[in-house]
Amino acid sequence: MKKDEDFSEWYASVIEKAELRDKRYPIKGMDVWLPYGWAIMKRVDQAWREEFDATGHREVNFPLLIPETEFKKEADHVKGFESDVYWVTHGGLNPLDIRLVLRPTSETAMYPMFALWIRSHADLPLKVYQIVSTFRYETKMTRTFLRVREIHFFESHTAHATFEDAQQQIQEDLQIHERLMRRFCLPYIVSKRPDWDKFPGADYSLGADTLLPSGRTLQIATFHQYKDNFSKVYDVKYEDAEGARRYVHQTTDGMSERLVGAIVAVHGDEKGLVLPPEVAPIQVVIVPILEKGRQEEISRAALEVYHSLLPHLRVHLDDRDVRPGEKFYHWEAKGVPLRVELGPKDLAKGEVVIVQRRSGEKKSLGVLGLHSRLKSILELIQVDLFARAEKVMKDNITVITRLEDARDGINAIPWCGRESCGLTVTERTGMSVLGTPYYKEAASGKCAVCGEPAIELLYAAKAY
Ligand code: ZN
């Protein structure tokens, strides 16, 4: 299946061949995580945990259900979500006095508790996160990882004494993401979402978008500055050094299983998945090439290589009784970065053959000190995957001065800053407006819509 001919079919077939999810579960948009898919998700979860733990966030776990009374307190937030939440209306046969919402996100679950937890300035900043399922009744066509109804979700929530402290937090979040996306080998742009498209209840929202081979962008992270919008509603206050009661300023940062979808889409090829070594549940697979009469000897040598690598790498020994060719195909579809082949000739020389998944490059290496050689190769693969993806993305950001020239990929359009012109971009190109570059780029010339002087660039793309 060719990736550039029919992306959607290719994408679905890669997921199926690699055995990541099973879509036959009888609820649309709720696929079953299969062991290998879940193993990748857990690697991503672990990267999230490491980065957020290291920056002073603490993991929590809130209930799935939110009372309607809390959910409905913040008007914009409710307006943004009420058409796509699931309701729990009964306990057994009895209608509930207060209906419950399956969390679509956790602001309205957490902030009433923040109001109890935060007393004084000494309690700030409060920085927590959780990794949980969230639920949204998606009416558009669902697609594994990219658009689903049960979402494997990461959300961090912070509370600060001042707006400036909250701004600082967003800077920290952006730095965390810089590191995370290197680990996932995903390049991205950061845009300040237009006011007409910010998160319901936010003062402003930033979005990180990557580009998929279909020419469409995928939002892979969001950052919201809430100011004191939610704290006023949920009465989250602290006592400052002078004894005055003040509202906290809040931020959130969200990511989801979409990252796995992005990894599949950005790096995969005709043979299937290509996983960045940092994310791969198996980094190295050992395939013994058994020859008649020497099976035992080769199996034993393969087991020795396996045990020598085990303390250093995520390694798997494929000793199933099937032909080597079939094993190669199997592990290529699963995107294992390196294959180690061990046959009778290699054994005689004290060597193994290393095959790189993405490039197909082969070379022989001595068994002695193998683990450190493999580690270096994996590091190079990691860097190479990011660089390749980054080049593709950069090559597909085009500055256009006329809306008729809008093309697949990311269009950077000179803009006068007026909402009406921004909305016209969407009307006339059918594309989503991602927002303005967060890391400012110079804009010159005229607004592509009205011809007035442009003050900034506006990113527009077809988006998932
Ligand atoms: Zn204009």
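**A walk through a predicted model**

Just after helix α1, Glu19 takes a positive phi of about 60°. This is a predicted model: local features need pLDDT of at least 70, side-chain atom pairs count only at pLDDT 80 or more, and totals for chains, interfaces and linings use all residues. Residues are numbered from 1 along each chain as its sequence is written, and side-chain values use heavy atoms, with hydrogens and water left out.

Stay with α1, residues 7-17. Helices (H or I, at least four residues) and strands (E, at least two) are DSSP runs, numbered from the N terminus. The buried residues of α1 are Phe7, Trp10, Tyr11, Val14 and Ile15. They cover an arc of only 130° around the axis, so they sit on the same side of α1. That arc is taken from the directions from the helix axis to the C-beta atoms. Buried means under 20% relative accessible area, exposed over 50%, and partly exposed in between (1.4 Å probe, protein chains only). The cover over these residues includes β1 (21-22) and α8 (258-267). Contact means heavy atoms within 4.5 Å.

Next comes a sheet. Five strands form an open sheet in the order β16-β15-β17-β18-β19, with mixed pairing. β16 (315-317) and β19 (362-366) stand at the edges, each with a single partner strand, so one side of each has no neighbour in the sheet. The twist averages 25° from one strand to the next. Two strands pair if DSSP finds at least two bridges between them. β15 (residues 284-288) and β16 pair in the parallel sense over three bridges. Here Val285 stands opposite His316 in β16. Helix α10 (residues 324-333) lies across β15, β16 and β17 (338-342), running at about 170° to β15. Axes are lines fitted to C-alpha atoms, for helices over the stretch in contact, and angles run from 0 to 180 degrees between N-to-C directions.

Look at Lys362 in edge strand β19. Lys362 is exposed, with a relative accessible area of 55%. Leaving aside neighbours within four places in sequence, Lys362 is in contact with Glu341, Val353, Ile354 and Val355.

Last, the metal. Which residues hold the zinc ion's protein donors? They are Cys416, Cys421, Cys447 and Cys450, each through SG, lying 2.3 to 2.4 Å from the ion. Donors are N, O and S atoms within 2.8 Å of the metal (3.2 Å for Na, K and Ca); water is not among the atoms, so sites may look incomplete. The donor residues are spaced C-x4-C-x25-C-x2-C. Cys447 is buried at 4% relative accessibility, whereas Cys450 is partly exposed at 32%.
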